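Reader: I'd like to go through this one feature by feature. Could you walk me through it?

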Amino acid sequence: MLATSRTFEANARAGLANPILQRALALMQSGFPERRRLAVERLPEFEALREIGKSIKDHTLDHLDFYLELFEANVLATGGQVHWARTPDEACAAVLAICRSVDAKLVTKGKSMVAEEVGLNEYLEENGITPVETDLGEYIIQLRHEPPSHLIAPAIHLMKEQVADTFRAEHRMLDQGRSLAEARQLCDEARAVLRPRFLAADVGITGANFLVAETGSSIIVTNEGNGDLTQTLPRVHIVMTSLEKLVPTLEDAATLLRLLARSATGQEFSAYTTVSTGPRRPGDLDGPEQYHVVLLDNGRSALLGGEFQDMLRCIRCSACMNHCPVYAAVGGHAYGWVYSGPMGAVLTPSLIGLREAVHLPNASTLCGRCESVCPVKIPLPKMLRHWREREFSQKLNPPVYRAGLSLWVWVARRPRLYHALAELASRALGWLGRDRGRFRTLPLANGWTAVRDMPAPEGRSFHSLWAERQSGDTGE
Amino acid sequence: MNEAREQILAAIQRSLKRARLDAARETELRERVAAHRRNLIPARAAALDDTGRIDLFVAMAEEVQATVARVGSPAAVPEAVARYLATENLPADLVLAPDPSLDDLPWDARPLLRIRRGPAEAGDTVSLTPCFAAIAETGTLMLVSGPETPTTLNFLPDTHIVLVYADQIVATYEDGWDRLRTTGRMPRAINFVTGPSRTGDIEQRIELGAHGPRRLHIIVVDDPQKAGDGKDK
């Protein structure tokens with residue numbers, strides 16, 4: 001998928017000016033965080049589970065080569081196959097080869113962010129295979145030729161009127177006079193349209209929330225049941241996934257499952273958690289005859305052992321973006337690629353290069369809410385700062401910005417000068433603003449004053465007041 | 001792809017700044033896996049007696065829009081099924097899992113039920129399946145695939161009825177894993193089902209029946225032999 005992360009600033013401005021997006025984001029802010037809070041309150045062990053979830057993932061990543069080999073051995077032992085892919089191209093080629101081997105024409109898909117990452121749908125279409133997304137949100141954005149704007153609610157940027165327009169335009173075989181005013185009607189229509197697709201598909205592709213080394217299983221967590229119809233009905237099930245989804249045992253998976261749904265939707269448990277292990281067994285009356293796991297690296301192995309290893313703990317719950325003030329203002333498409341919000345701002349530069357995604361680490365106020373809700377305690381703000389340091393050391397920021405920062409560094413390293421200038425500036429601003437108490441415009445600060453007034457300082461700097469108070473205290 | 005495999009494993013070791021783990025360390029890790037050590041188990045369900053566990057299972061399942069009926073013996077199941085279908089205004093056509101545990105139920109007592117055995121087909125409206133276990137912690141059914149329990153029955157029909165014997169209700173997912181390991185086999189699919197299918201993809205409004213069943217009805221059979229346990233808590 002072509003990234004537009006380079007134009008983050010323009011994307012964000014467009015998002016802020018989009019009234020439909022703003023209505024949708026307002027709904028999100030009143031929804032996910034509150035439901036998560038209630039779910040967490042009901043489980044007194046939640047905080048302790050976060051720490052354990054973190055340690056399970058850390059342990060697995062520290063021994064990832066061992067657990068991958070164990071996983072592979074167990075997939076093979078249950079009759080499945082593993083396809084290792086270094087790059088998106090290799091992953092796509094592996095899927096195509098499997099599809100070609102069974103002469104597949106129609107492929108149903110459960111939601112997979114890795115499939116989005118490698119641009120699988122476009123690739124299959126170019127090669128004469130029709131992929132059909134079956135998660136309702138993914139289906140909607142596939143019809144609209146849009147990327148997902150959220151990890152677990154890909155069409156969260158839309159209101160039901162847009163969905164109705166899309167269905168009317170795309171489902172032309174249906175009565176044009178039908179009512180699509182309610183979400184219920186839209187769901188029923190998608191169900192009716194997609195059911196024959198499930199039944200006709202030659203291959204079903206799902207993602208994986210977890211891979212279990214102990215058993216060679218893949219686990220998906222869904223609410224709609226589409227992932228299960230996708231993997232049960234066709235002759236072939238392909239799991240499109242990536243290295244870091246591994247956990248050692250079913251017990252470890254259970255711990256992370258307790259964290260996932262609560263962090264994501266605020267549910268106690270999602271409607272469907274499915275553990276898939278190999279193809280159908282002798283005597284089974286249904287289920288796929290072939291089970292394939294495509295394991296994508298795409299830069300993940302390079303993150304191990306460094307300052308971004310913690311990012312590989314991510315279980316894709318979306319709590320970070322659900323609680324992010326920047327995401328809530330600009331929406332997921334502004335981030336310009338597959339992953340958005342704080343996790344996207346950290347992960348995207350790792351996967352497509354800092355040069356392509358240079359704005360994303362700056363798309364944060366570093367308020368820290370993301371880290372405080374992360375079920376596996378990923379230090380997202382710290383990693384955003386790492387990227388900002390790299391951005392500076394690789395000279396990727398604009399010259400004016402760099403010159404300003406250099407000047408500030410020069411002054412900040414000279415405390416006496418810094419304090420003197422700060423005192424001077426605050427007195428000057430205080431004097432200039434003494435009548436109104438605020439400024440409508442200020443030179444070099446248009447970005448700030450365009451949308452709000454700048455309060456005038458009340459005369460003296462904190463440092464000088466503090467110094468005075470300290471000397472006063474010691475004098476008493 | 002073998003080249004990709006070797007390169008990925010080598011890249012992992014390079015990043016972790018070590019060679020392949022030595023045999024002793026690999027043995028330790030294998031032992032860690034084989035131990036099936038439990039992590040922290042929430043007290044919510046683990047601390048309950050039999051009666052409390054059943055009640056929690058029912059309460060949690062109802063919270064996610066499953067409906068639950070409780071009957072006193074297996075003989076009462078066909079009656080409960082017929083009553084449910086009538087109440088919901090559903091046709092009396094039923095696909096039953098070809099599981100022997102369902103053979104002995106007195107279906108003859110409800111001659112108006114039209115019953116087929118086998119996997120689900122397009123157009124089936126109601127299925128009835130046994131379960132492998134049920135998890136009290138979150139009101140979750142644990143269903144496993146097999147020749148006698150085809151997976152399609154759990155997803156294709158609009159209405160899914162599941163039979164749960166009271167002694168199948170365990171506290172936690174980990175108890176479910178333990179039960180599974182006693183069978184000595186890993187099924188192709190384990191479906192943990194918590195309430196009927198749903199989606200919140202349009203304006204975050206929860207709508208039931210996205211692609212899987214619109215209705216999930218659970219019939220809990222209180223095993224008469226176990227009834228005594230409930231009293232002396």
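Reader: How many residues does the contact take from chain A and from chain B?

Author: Two residues are in contact if their C-beta atoms, placed from the backbone, lie within 7 Å. Here 78 residues come from chain A and 63 residues from chain B. This is a predicted model, where local features need pLDDT of at least 70 and side-chain atom pairs count only at pLDDT 80 or more, while totals for chains, interfaces and linings use all residues. Residues are numbered from 1 along each chain as its sequence is written, with chains lettered from A and ligands numbered from 1 in the order in which they are written.

Reader: Which helix gives the most to the side of chain A that touches chain B?

Author: Helices (H or I, at least four residues) and strands (E, at least two) are DSSP runs, numbered from the N terminus. Helix 10 (residues 183–200) of chain A leads, with seven residues.

Reader: Which strands join chain A to chain B, and in which sense, parallel or antiparallel?

Author: Strands of a sheet pair through backbone hydrogen bonds, in either sense. Pairing takes at least two bridges found by DSSP. Strand 9 (residues 272–276) of chain A and strand 9 (residues 189–193) of chain B run antiparallel, joined by five bridges. A:Ser276 sits opposite B:Ala189 there.

Reader: In what order do the six strands of the open sheet in chain B lie?

Author: The order is 1-12-7-4-2-3, with parallel pairing. At the edges are strand 1 (67–71) and strand 3 (114–117) of chain B, each pairing on one side only. Inside chain B, strand 2 (residues 93–96) and strand 4 (residues 126–130) pair over two bridges, and B:Val95 has B:Ser127 as its bridge partner.
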